[in-house]
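I opened my notebook to look at how one chain folds.

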Amino acid sequence: RAMASNVTNKTDPRSLNSRVFIGNLNTLVVKKSDVEAIFSKYGKIVGCSVHKGFAFVQYVNERNARAAVAGEDGRMIAGQVL
């Protein structure tokens, strides 16, 4: 399956509302492909960027983003609570 783009920083309001910040991410262990695998069950991911300790996932719409936040907040991944 196609990898999402690395662009998650579009500034239009619709994009902002459909973007999810993932904090306290163990990026030594968790890679972009892992983030996409975990978060793709909530909707189509159009962008994913992984940084030191955090990541952003950009969905096609706000509903997907809200579902992802509700489903993953507080989950433990690679020994760290998101």
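These are my entries, in the order I made them.

**Entry 1: the model.** I noted before anything else that this is a predicted model.

**Entry 2: the sheet.** I looked up the strand order. Three strands make an open sheet, ordered S1-S3-S2. Their pairing is antiparallel. Which strands stand at the edges? I found S1 (19–22) and S2 (45–51) there. Each has a single partner strand, so one side of each is left without a neighbour in the sheet.

I wrote down a reminder on pairing. Strands of a sheet pair through backbone hydrogen bonds, either parallel or antiparallel.

**Entry 3: S1 beside S3.** I looked at how S1 joins S3, which covers residues 54–59. Four bridges link these antiparallel strands. Two pairs went into my notes. Arg-19 has Gln-58 in S3 as its bridge partner. Ile-22 stands opposite Ala-55 in S3.

**Entry 4: the faces of S1.** Which residues of S1 are on its covered face? I found Val-20 and Ile-22 there. Arg-19 and Phe-21 are on the uncovered face.

**Entry 5: the helices.** I turned to H2, residues 32–39. Helix H2 lies across S1, S2 and S3 and runs at about 135° to S2. Next came H3, residues 62–72. Helix H3 packs on the sheet and touches S1 and S3. The direction of H3 makes about 20° with that of S1.

**Entry 6: the record.** I checked UniProt. Its unreviewed entry places "domain: RRM" at residues 18–82. In the model, that span is 29% helix and 32% strand. Its end C-alpha atoms lie 18 Å apart.

Definitions and conventions: Residues are numbered from 1 along each chain as its sequence is written. This is a predicted model: local features need pLDDT of at least 70, side-chain atom pairs count only at pLDDT 80 or more; totals for chains, interfaces and linings use all residues. Side-chain values use heavy atoms; hydrogens and water are left out. Two strands pair if DSSP finds at least two bridges between them. Helices (H or I, at least four residues) and strands (E, at least two) are DSSP runs, numbered from the N terminus. Contact means heavy atoms within 4.5 Å. Axes are lines fitted to C-alpha atoms, for helices over the stretch in contact, and angles run from 0 to 180 degrees between N-to-C directions. UniProt positions are given in the numbering used here, feature names are shortened, and annotations may be inferred rather than shown by experiment. Buried means under 20% relative accessible area, exposed over 50%, partly exposed in between (1.4 Å probe, protein chains only).
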